[in-house]
Every structure is written in C-alpha cells, then in structure tokens.
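Hi,

Here is the structure I promised to send over. My notes follow below it, and I hope they are handy for your own work.

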Amino acid sequence: MAFDTTDDRGFFSRHRYWFFGALALGAASFYGYRETRPLPVAVIEARNGPAERVLAISGRTRPQVTVTIVPKFAGQIVKLTRDEGEKVNAGDLLVQLEAEAPRAAVEEAESKIASQQRAVAEAQRNFERLAQLKERGLATVKEFDQSRFELDQSRAELVRLAANRREVSARLRDNTIVAPVSGVILARPVDQGQVVATTTVIYEIAPLAGVEIETDIDEQFLAEVREGMKADVLIAGLPKSVAATLYYVSPKVDPRTGGAKARLRLDSPVEGLRAGVTADVNLIIERRDAAITVARSAILGREQGARVQIVSNGIVEEKKVQFLEWPSERVIVVAGLESGQQLVAQPRAELVGKRVAPTTDYSQLRPGDRPRGSAAGRAI
C-alpha cells in the first residue's frame with residue numbers, strides 16, 4: 001500500500017536518547033561517588049610514653065687546659081723536635097737552646113770551687129797548727145782567733161761558689177726543654193735559629209686527657225639550661241655517641257652571637273681525642289616518664305592558637321591543644337589530646353568536616369598528599 005513505509009534508520013539513531021541518558025546517569029553517579037567517598041589521608045598516632053626534651057647544638061672539642069712552653073733564660077734555638085699537630089709524651093725533648101755560654105759558666109764555677117777547696121784545706125791546716133801552738137803557749141789568742149776566722153771565711157766562700165755552680169748548672173739544664181705532659185702540639189710560633197726571651201712562647205701543648213666540648217647556647221634557651229645536665233655527644237670520627245655533663249655556662253651573653261659559652265666534660269675519657277673536632281651535642285633538658293608526643297608538623301599555629309586535626313569516626317575534626325614549644329621534630333602535648341588518637345600528618349583547613357580514610361600506607365595517597373623528606377620520617 002501507498003501508506004506502508006520501511007524504517008531504515010540505524011540502531012544508534014533509534015536508541016540515541018537512551019544512550020545519552022545512560023551516559024549522563026553514569027557521569028552523575030561517578031561524580032557523586034567521587035564527592036562522597038572517603039578521601040585517603042596520612043595520619044599519625046599520639047603516643048604516650050617516656051619522652052625527652054633535647055636541645056640540639058653544635059660545638060667543638062677543646063683542651064681543658066693549655067700548657068705553654070717558655071724558656072727560663074734567653075737564648076738562641078738550635079733544635080726544635082716537634083711540629084704543630086704532632087703528639088708528644090711527657091719527658092720527650094722539645095727544645096735545645098744554645099748552651100756554650102752556660103756550659104762555660106759551669107766550667108768556670110767548677111774551677112773556682114776547686115781553687116777554693118784548696119784554700120779551705122790550707123786554712124784548715126793553719127788553724128790546726130795554731131791550735132797546737134796555742135796549747136804550748138807559743139801562739140797568741142789573737143793569732144789563733146785570726147786563723148779560725150780565715151777558716152770560717154774560706155768555708156763560707158766555698159758554700160757560695162757551690163751555690164753558684166748549682167745555679168749555672170740549672171741554667172745549662174734549662175737550655176734543654178722537655179715536655180711536662182703528654183699531649184698534642186697546638187702551636188709552635190717560633191723557628192729554629194730564632195733568639196727567644198723569657199716571655200717568648202715556643203710551644204702550646206694540649207694534654208690528651210683533658211679534652212672537653214665547647215659550644216654556644218642561644219639566649220632564648222638559657223632559662224631552661226642548668227649546670228649538671230646530661231648530654232649525648234657525637235664527635236666526628238667516632239663510631240658512636242659519648243656521654244657528657246654540662247659543667248659551665250657563661251654568665252654573660254655575647255652581643256655579636258646572641259649566645260652564651262657553655263662547656264661539657266666527657267663522662268669517660270676518649271683515647272686519642274684531638275682538640276678542634278666538630279661535635280653534635282644533644283643536651284637533655286627534661287625527661288618525663290610518661291607524656292603524649294606528636295610530630296611538630298601535625299600542629300597548626302602556636303601558643304593559644306595551636307590546634308590539630310584528628311580523625312574521629314572517619315570525619316576530620318579540629319581540636320585545640322597546648323604543647324611545649326621546642327625546636328625538635330616531636331613535641332610534648334600537655335593538654336587537648338589523648339593517647340592513641342589519630343592526627344592528620346599534614347593538616348589543611350579544607351579537610352575539616354570531610355570524610356576520610358586514614359592510612360599510614362603512603363602508596364594509597366596521591367603524590368602531592370604524601371609526606372616528604374623528614375616529614376615522612378616523623379609521621380611513621
């Protein structure tokens with residue numbers, strides 16, 4: 001019939017409205033799921049346990065005392081046996097000064113003593129002879145007394161010459177200078193051949209047994225620092241840290257650095273430790289048997305505005321906290337948190353009120369949401 005027609009449209013043309021409707025419904029469903037599904041976030045846990053507040057500072061080793069070597073008499077240096085940085089043992093030869101003049105003085109003193117000993121012997125014989133003559137009445141009392149006076153004078157002169165010999169002999173010995181202690185040569189400001197006076201420093205020696213740590217403590221922390229505090233010290237070149245005790249804090253602050261000098265004594269001596277070596281000092285300010293600690297990166301704000309974001313029943317909530325402000329990766333929270341609560345590792349204002357899926361598996365997070373560097377270590 002003329003009214004019979006054949007529908008030759010394709011399948012897509014006949015069902016295109018159903019197709020676009022299904023596509024729109026799928027997109028709406030995906031968008032809704034994405035908006036309502038929990039957002040994975042990195043979390044850390046508030047820990048309750050032993051805690052320390054540690055002040056990390058840098059310093060260097062230094063000798064507790066420095067032994068200065070100076071000559072007792074002026075003279076010319078003919079021999080120097082050590083250079084800077086070399087070790088020396090007590091009794092080792094350090095300096096030989098020119099000794100011709102003192103040696104000649106010793107020889108002259110010995111010659112005078114020999115001559116005076118002969119004079120004393122002669123006076124002794126004269127005295128004994130006059131004593132015998134006096135007993136037989138052949139010598140006067142005046143002659144006897146004069147012989148005794150001459151004997152006493154000769155003996156006194158012999159004592160004086162002996163003292164002079166000891167003096168010049170000591171000067172000869174002092175021209176050879178030995179190390180009074182074992183240690184390391186810190187400085188040798190003179191050279192061989194130089195003429196030195198009694199005020200000239202020839203060597204500076206640091207005893208090995210008396211090495212300590214010197215550092216600066218910033219003025220903002222001085223109120224917390226007290227003598228007697230313990231510290232762990234890692235010295236360059238040593239495989240492990242050593243224990244030390246703070247024994248001195250300068251009463252004044254250097255206006256150039258804003259810090260005060262502090263010194264720590266090692267609790268046990270370290271064999272062969274040199275002066276001038278870098279030392280990382282962890283000064284223990286406070287120890288607590290139990291305290292809640294969290295990573296500093298999990299706290300927003302400071303003082304009265306300090307707050308954290310906790311995950312409660314899958315929802316991020318913001319909570320005020322009080323903590324001890326201290327330059328460390330973990331801080332002690334004194335109010336606002338309970339042990340075991342989960343905190344957002346990298347809090348952001350837009351997370352408050354959101355439904356989240358807390359995780360410590362960073363592979364589930366987008367690269368931009370993963371803690372990086374030391375923040376990742378603190379979050380674990």
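Helix H3 (141-174) is part of what covers the buried residues of H2. This is a predicted model, in which local features need pLDDT of at least 70, side-chain atom pairs count only at pLDDT 80 or more, and totals for chains, interfaces and linings use all residues. Residues are numbered from 1 along each chain as its sequence is written, and side-chain values use heavy atoms, with hydrogens and water left out.

Helices (H or I, at least four residues) and strands (E, at least two) are DSSP runs, numbered from the N terminus.

Among the buried residues of H2 are Val106, Ile113, Val120 and Phe127; buried means under 20% relative accessible area with a 1.4 Å probe, protein chains only. Glutamine 116 also counts as buried, because its relative accessibility is 15%. Beyond its neighbours within four places in sequence, glutamine 116 is in contact with Ser154, Glu157, Leu158 and Leu161 (contact means heavy atoms within 4.5 Å). Just after H2, glycine 137 has a positive phi of about 80 degrees.

What supplies the most to the lining of the second largest pocket? Strand E2 does, with six residues. E2 (47-63), E15 (278-295) and E19 (330-335) each supply at least two lining residues of the second largest pocket.

Best wishes

Notes: Buried means under 20% relative accessible area, exposed over 50%, partly exposed in between (1.4 Å probe, protein chains only).
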